[in-house]
Amino acid sequence: MDDAANDQLVNMGRLRWHCRRGLLELDLVLQRVVEGGLLEELSEQQRAELFELLHYDDITLLAIVSGREECEEPRLKGMVDLLRAV
């Protein structure tokens, strides 16, 4: 396996790991992304956006995904909309 493919596997593994959260409601949404195969369908840019969103704390991320708050980064709106639709 070449380095690029190996890096891709690592990135996907890291994304899957970061999708495991402490809040049940948030965990349910993110597990639908992982288990539904959506994670594999995301572009490289979308994966980077998701990874950035996953750095928010659980309470803030749940508020954003549930629509109670707006994300402070407008460039992440597409990924937020996708998570809200899941």
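**Entry 1: a buried pair**

I began with aspartate 58 and arginine 21, whose side chains meet in a salt bridge at 2.6 Å, N to O. For a salt bridge I take a side-chain nitrogen of Lys or Arg within 4 Å of a carboxyl oxygen of Asp or Glu. Aspartate 58 sits in helix α5 (residues 58–66) and arginine 21 in the loop between α1 and α2 (24–35), so the pair ties together parts that are 37 residues apart in sequence. Are the two residues buried or exposed? Both aspartate 58 and arginine 21 are buried. My cut-offs are under 20% relative accessible area for buried, over 50% for exposed and partly exposed in between, with a 1.4 Å probe and protein chains only.

A note on the source: this is a predicted model, where local features need pLDDT of at least 70 and side-chain atom pairs count only at pLDDT 80 or more, while totals for chains, interfaces and linings use all residues. Residues are numbered from 1 along each chain as its sequence is written, and side-chain values use heavy atoms, with hydrogens and water left out.

**Entry 2: the other salt bridges I looked up**

How many salt bridges does a search of the whole structure find? It finds seven. One of them joins arginine 16 to glutamate 40, with the closest N and O atoms 2.3 Å apart. Arginine 16 belongs to helix α1 (residues 3–18) and glutamate 40 to helix α3 (residues 38–41), so this pair ties together parts that are 24 residues apart in sequence. Arginine 16 is partly exposed, at a relative accessible area of 33%, and glutamate 40 is partly exposed too, at 38%.

Next I checked glutamate 73, which forms a salt bridge with arginine 75; the closest N and O atoms are 3.6 Å apart. Glutamate 73 has a relative accessible area of 27% and is partly exposed. Arginine 75 comes out at 49%, also partly exposed. I also noted that Glu52, Glu73 and Arg75 are linked in a network of salt bridges.

**Entry 3: the overall layout**

I stepped back to count elements and got six helices and zero strands. The order from the N terminus is α-α-α-α-α-α. Here helices (H or I, at least four residues) and strands (E, at least two) are DSSP runs, numbered from the N terminus. Of the 86 residues of the protein, 35% count as buried. Among contacts with a separation of 6 or more, 56% come from residues 24 or more positions apart. Contact here means heavy atoms within 4.5 Å.

**Entry 4: where α4 meets α6**

How do helix α4 (residues 44–53) and helix α6 (residues 77–85) cross? Their axes come within 9 Å and cross at roughly 80°. The axes are lines fitted to C-alpha atoms, for helices over the stretch in contact, and the angles run from 0 to 180 degrees between N-to-C directions. α4 and α6 are therefore roughly perpendicular to each other. On this scale, angles under 35 degrees are roughly parallel, over 145 roughly antiparallel, 65 to 115 roughly perpendicular and the rest oblique.

From α4 the contact uses Gln46, Glu49, Leu50 and Leu53, and from α6 it uses Met79, Val80, Leu82 and Leu83. I sorted these residues into six nonpolar, one polar and one charged. The classes are Ala, Val, Leu, Ile, Met, Phe, Trp, Tyr, Cys and Pro as nonpolar, Asp, Glu, Lys and Arg as charged, and the others, Gly among them, as polar.

**Entry 5: two residues at that crossing**

Methionine 79, in helix α6, is buried at 1% relative accessibility. Leaving aside neighbours within four places in sequence, methionine 79 is in contact with Leu42, Gln46, Glu49, Leu50 and Leu53. Methionine 79 and leucine 50 are 29 residues apart in sequence, yet their C-alpha atoms are 6.5 Å apart.

Glutamate 49 is in helix α4. Not counting residues up to four places away in sequence, glutamate 49 touches Arg75, Leu76 and Met79.
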